[in-house]
Amino acid sequence: MKRYGIFALILTVLMFFAGYAALFIAPDEATMHAIQRIFYFHASSGWAAMEASMIVFFANVAYLAKRDLKWDWLAISAVEVSVAFWTVMLVTGPIWAHPVWGVWWTWDWRLTLTLVIWILYLCYMVLRTLIADPERRAVFSAVFGIFVFLGVPLDYLSIRIWRTQHPQPVIFGGQNSGLDPTMAKVFFYCSGVMTLLMILLVVKRYRLERLRHDAEELRLAVEEASESAGMSRNL
Amino acid sequence: MTTARAAAIVFGREVRAEMRTRELLQTSIVFVIIVVTLFNFAFEPDVAEARRIGPGLIWITLLFAASLMLNPSFAKEQNNDTIYALRMAPATSFAIVLGKTLANLLFLSIIEIVLVPVFSVLYNVPVLPVLGRLVLILFLGTFGLVVVGTVFSALSAQARLRELLLPLLLLPVMIPLLTPAVEATAGLFADSPALDRTWLSMLIAFDVVFFTASWLLCDYLLEE
């Protein structure tokens, strides 16, 4: 327990420094100025979200191979954390896009793909709430998770082709074409901190899921014991 | 018993059960006619617009119809407890899922035989000159749809709110099929009809990827 506390404390300090670096160390962007600084958190959340999504896929496959509920707990922890980071991306994106592009949203391939993945993970979470039996929930959500993951490259391809064939919307031309060295350093630092935050959240969420499971087992054991003792006490 | 033989028996059983009542088919046919009509009130398209939005109309209608139609495929086994008989049958899970998939493919194709002419007449979009290529695209798209839909029907059948859950699982996973299917169909409705090979290969890729996935994962669908 203490370890989490120390890790969280260190992370808080690192995160404050990330905020400072993004606001004061990174140089001013020539055309976009201050609003461009949201990029350090927007894109690094994207990294963390993608890393969490990879964990989901490996946990899904590992569960089906090993049939150990631990992998299921890891999968749902990573799904929820990745949804949190995808949401940060989807919220900070429009905040940046509105002053720069003049629109809150455009169906550019990156935005479309992010939205699609976000929706798919929401469905994954809904599926889990509708199956009561832990084993069945684990198997079915793993199967669905693998289908989702297989769909992502196809989504990427189809959206990419679709968006290059259609007329492009009003879009700011090639923003990331050359990144200033200081900007790059700040960006990688922020991505690193965000990844650590992702790991901390997944670990904490995993612990919660395990405790939930243990509590459920205890409750069932008590219920069974009281029933066999002929008691009609309602727990 | 070979997989092909077992799948053929499951297919025959599904079709025979449906043909006794025909309730799934008649309900779905009425459903697609309603949706096609509703689109007119929502968009009121002229002939040029109908050509533009028509492919989307056809595929959205099919996706909605499938997300409702595929639900009973496994839900009925749950209601009548016949799922136990299926599990005990001397057939692999793949044979059972394959038989059901092929039956669903047949049912959805029958819906299309009604949907396409009705759409063509109501929106003045000629389909006869491109019929062969249209059938090819419809087949490839429908195949991907029923492959994923049948697997998800097995998932949702054992959950609460299953009628609501199946569209939720199926529709977002269908996005990489919807885009190539709509765009390929749009290519056929253009002034000089052409079959876009890029979209055709995307459709085939989708079918191959998800058919393989359902083959690999179907053992997990029927277990106790």
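1. Basis. The model is predicted, with local features requiring pLDDT of at least 70 and side-chain atom pairs counted only at pLDDT 80 or more, while totals for chains, interfaces and linings use all residues. Residues are numbered from 1 along each chain as its sequence is written, and chains are lettered from A and ligands numbered from 1 in the order in which they are written.

2. Secondary structure. Chain A contains six helices and zero strands, giving the pattern α-α-α-α-α-α along the sequence. Helices (H or I, at least four residues) and strands (E, at least two) are DSSP runs, numbered from the N terminus.

3. Overall dimensions and packing. The C-alpha trace of chain A spans about 75 × 45 × 30 Å along its principal axes. Of its 235 residues, 30% count as buried; that is, 20 or more other C-beta atoms lie within 10 Å of the residue's own, against 12 or fewer for exposed and in between for partly exposed, with C-beta atoms placed from the backbone. Among contacts in chain A with a separation of 6 or more, 77% are between residues 24 or more positions apart. Contact requires C-beta atoms, placed from the backbone, to lie within 7 Å.

4. Helix α1(A). This helix covers residues 2–25, and its 24 residues reach 33 Å from first C-alpha to last, close to the expected 34 Å. The expected span is 1.5 Å times one less than the number of residues. α1(A) is hardly covered, with two buried residues among its 24.

5. Helix α3(A). The 33 residues of α3(A), 69–101, reach 46 Å from first C-alpha to last, close to the 48 Å expected. A:G102 follows this helix and has a positive phi, near 90°.

6. Interface. In chain A, 26 residues are in contact with 24 residues of chain B. The elements giving two or more residues to this side of chain A are α4 (109–129) and α5 (134–165). The largest share, 17 residues, comes from α5(A). By class, this side of chain A has 22 nonpolar, two polar and two charged residues. Ala, Val, Leu, Ile, Met, Phe, Trp, Tyr, Cys and Pro count as nonpolar, Asp, Glu, Lys and Arg as charged, and the others, Gly among them, as polar.

7. Largest nonpolar core. A nonpolar core is a set of buried Ala, Val, Leu, Ile, Met, Phe, Trp, Tyr and Cys residues joined through C-beta atoms within 7 Å. The largest one has 113 residues, of which B:V148 and B:L155 touch the most other members. Helix α7 of chain B (residues 131–157) gives the largest share of this core, 14 residues. Beyond its neighbours within four places in sequence, B:V148 is in contact with A:F147, B:L170, B:V173, B:M174 and B:F210.

How values were computed: Two residues are in contact if their C-beta atoms, placed from the backbone, lie within 7 Å.
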